[in-house]
Amino acid sequence: MEHEVAKAKTLLEALPYIRDFFGQTVVIKYGGHAMKDEHLKKAFALNIVLLRYIGVNPVIVHGGGPQIGKMLDQLGICCQFREGLRVTDQATMDVVEMVLVGKVNKEIVNLLNQHGGKAVGLSGKDGRIINAQKMEMVIPHKDMPPEIIDLGKVGEVTDIRTGLIRTLEKEGFIPVIAPVGVDDDGETYNINADAVAGAVAGALEAKRLILLTDVAGVLDAEGKLISSMNRHKAVDALEKGVLRGGMIPKVKCCLEAVEAGVEKAHIIDGRLENSILLEMFTKGGIGTEIVF
Ligand SMILES: Nc1ncnc2c1ncn2[C@@H]1O[C@H](COP(=O)(O)OP(=O)(O)O)[C@@H](O)[C@H]1O
Ligand SMILES: CC(=O)N[C@@H](CCC(=O)OP(=O)(O)O)C(=O)O
């Protein structure tokens with residue numbers, strides 16, 4: 001009996017948060033360890049389905065870098081990264097689209113539906129959700145002319161069309177979006193999934209952007225977790241070189257999202273079971289929050 005009483009108390013403790021999130025959109029970037037481990041996959045699905053049943057509108061944007069890498073390897077196509085982005089020729093683009101849209105996206109849809117959700121898988125081409133253009137990568141060099149890198153079919157988001165996402169939300173569906181975009185000429189682009197998640201959250205004026213990753217959050221130079229960063233602190237960390245590799249696009253896209261009106265962005269540990277619920281429905285939260 002004592003156990004049951006404690007359970008009821010826990011539910012009531014979550015009430016202020018549930019009330020706050022009711023009817024709101026939360027964009028979640030699904031990737032990293034939480035997408036590989038069977039136990040964590042199930043927990044992720046249950047977290048998302050629960051959100052939907054208590055009146056939150058979750059929108060999932062997924063990655064799949066390791067899965068693309070594995071397939072390229074099997075096909076004997078070599079892969080190269082510049083500044084954390086995959087150099088993408090036409091053959092690579094075909095594999096990226098097949099793996100992200102055909103395999104990873106459908107696996108996530110299936111996972112959510114198996115656990116009681118109503119998920120719909122989309123690429124950026126469906127309803128032209130993700131409009132993109134070829135990315136111009138310019139690396140500044142001290143005392144030298146800037147370096148211009150051609151990443152091939154790597155794109156950047158120009159515009160997110162929210163109509164189809166809103167229609168699905170209204171009907172109780174959970175949109176699951178693969179980070180493949182398209183331009184006016186029908187050219188397909190490979191886009192970093194964190195960047196897509198940030199742009200989708202901004203366009204939807206989501207209440208939260210949550211990025212799941214393989215570390216506790218943003219760590220400082222001593223390796224200690226930074227639990228909260230405002231714009232000023234985040235820009236400072238980017239400029240001082242505290243952030244490296246994949247953490248750079250993550251913090252950048254969180255900044256862009258809060259600048260576009262998202263209330264808070266979070267980088268949280270996807271290795272932790274129920275990390276999404278812990279972040280949203282407990283007082284202290286987990287990981288790093290980025291606010292305007
Ligand atoms: N200051 C930092 N704080 C946390 N992680 C950092 C930092 N600088 C670099 N990283 C690296 O960024 C990685 C997360 O980015 P990434 O590998 O792209 O994640 P994911 O695959 O989950 O999208 C971490 O595993 C870590 O190695
Ligand atoms: C341009 C670029 O690098 N695109 C990424 C898209 C997938 C992705 O971002 O997946 P993760 O979130 O798992 O890294 C790629 O080809 O790997």
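**Ligand shells and helix packing**

Two elements, α3 (65-74) and β4 (85-86), each give at least two residues to the shell around ligand 2. Helices here are DSSP runs of H or I with at least four residues, strands are runs of E with at least two, and both are numbered from the N terminus.

Before going on, a word on the source. This is a predicted model, in which local features need pLDDT of at least 70 and side-chain atom pairs count only at pLDDT 80 or more, while totals for chains, interfaces and linings use all residues. Residues are numbered from 1 along each chain as its sequence is written, and chains are lettered from A and ligands numbered from 1 in the order in which they are written.

Back to ligand 2. Its shell has 14 residues, and the closest are Gly31, Gly63, Gly65, Arg86 and Ala193. A residue is near a molecule if its C-beta atom, placed from the backbone, lies within 6 Å of it. By class, that shell has seven nonpolar, six polar and one charged residues. Nonpolar means Ala, Val, Leu, Ile, Met, Phe, Trp, Tyr, Cys and Pro; charged means Asp, Glu, Lys and Arg; the others, Gly among them, are polar.

Ligand 1 is also surrounded by 14 residues, with Gly32, Thr213, Leu219, Gly246 and Met247 the closest. Its shell divides into six nonpolar, six polar and two charged residues.

Now the record. An unreviewed UniProt entry gives "binding site" for Gly64, Gly65, Arg86 and Asn190. These four spread over 127 residues of sequence yet cluster in space, with a largest C-alpha distance of 11.9 Å. Gly64 sits in the loop between β2 (57-62) and α3. The unreviewed entry also lists residues 25-269 as "domain: Aspartate/glutamate/uridylate kinase". UniProt positions follow the numbering used here, feature names are shortened, and annotations may be inferred rather than shown by experiment. Over residues 25-269 the chain is 38% helix and 28% strand.

Next, the helices. Two packed helices are described by the angle between their axes and the distance between the axes. Axes are lines fitted to C-alpha atoms, for helices over the stretch in contact, and angles run from 0 to 180 degrees between N-to-C directions.

How do α3 and helix α4 (residues 90-114) cross, and at what angle? Their axes come within 9 Å and cross at roughly 125°, which means that α3 is oblique to α4. Angles under 35 degrees count as roughly parallel, over 145 as roughly antiparallel, 65 to 115 as roughly perpendicular, and the rest as oblique. On the α3 side the contact uses Gln67, Ile68, Met71 and Leu72, and on the α4 side Thr92, Val95, Val96, Val99, Lys103 and Val104. Contact means C-beta atoms, placed from the backbone, within 7 Å. This contact has seven nonpolar, two polar and one charged residues.

Helix α6 (residues 193-203) packs with α8 at about 10°, the axes being 8 Å apart, so α6 is roughly parallel to α8.

Last, helix α7 (residues 231-240) meets helix α8 (residues 247-259) at about 155°, with axes 11 Å apart. That angle makes α7 roughly antiparallel to α8. The residues in contact are Arg231, Ala234, Ala237 and Leu238 of α7 with Ile248, Val251 and Leu255 of α8. They come to six nonpolar, no polar and one charged.

Terms used. Contact = placed C-beta atoms within 7 Å.
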